[in-house]
Amino acid sequence: MDASRFIGRAPEQLTLEERRLLGGMWIALEIYTPATLPLRRIEAVGESAAACAMELRRRQLDPGIFEFVLCLGRP
């Protein structure tokens, strides 16, 4: 699976097929604060929360400002 197709997209904007593909995967979403927009975007996809954190660090993003969510693969 090409995770880059999900980066920068809001989970709510994914198609049913895309949600199915993410089933069992973890995604990283920036934690909402008044300084951020309410629209949250996927910033990392991985097989574990730790894999998402490593991807965020690779992109020089602070994993401490993200939450990690397990995708269930259904809407």
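The model is predicted, so local features need pLDDT of at least 70 and side-chain atom pairs count only at pLDDT 80 or more, while totals for chains, interfaces and linings use all residues. Residues are numbered from 1 along each chain as its sequence is written, and side-chain values use heavy atoms, with hydrogens and water left out.

Let's start inside. The largest nonpolar core has nine residues: Phe 6, Leu 14, Leu 22, Met 25, Ile 27, Leu 29, Ile 42, Val 45 and Cys 71. (A nonpolar core is a set of buried Ala, Val, Leu, Ile, Met, Phe, Trp, Tyr and Cys residues joined through side-chain atoms within 4.5 Å.) Strands E1 (26–30) and E2 each give this core at least two residues; strands are DSSP runs of at least two residues (E), helices of at least four (H or I), numbered from the N terminus. There's also a second, separate core of five residues, among them Ala 28, Ala 44, Cys 52 and Leu 56.

Who touches whom? Contact means heavy atoms within 4.5 Å, and residues up to four places away in sequence are skipped in the table.

| Residue | In contact with |
|---|---|
| Leu 14 | Phe 6, Arg 9, Arg 19, Leu 22, Ile 42 |
| Glu 43 | Ile 7, Ala 28, Leu 56, Arg 59, Leu 61, Phe 66 |

Glu 43 sits in strand E2 (residues 42–46). With a relative accessible area of 13%, Glu 43 counts as buried (under 20%; exposed is over 50%, partly exposed in between, using a 1.4 Å probe and protein chains only).

Gln 60, by contrast, is exposed at 73% relative accessible area. You'll find Gln 60 in the loop between helix H2 (49–58) and strand E3 (66–70). Gln 60 isn't a glycine, yet has a positive phi of about 60 degrees.
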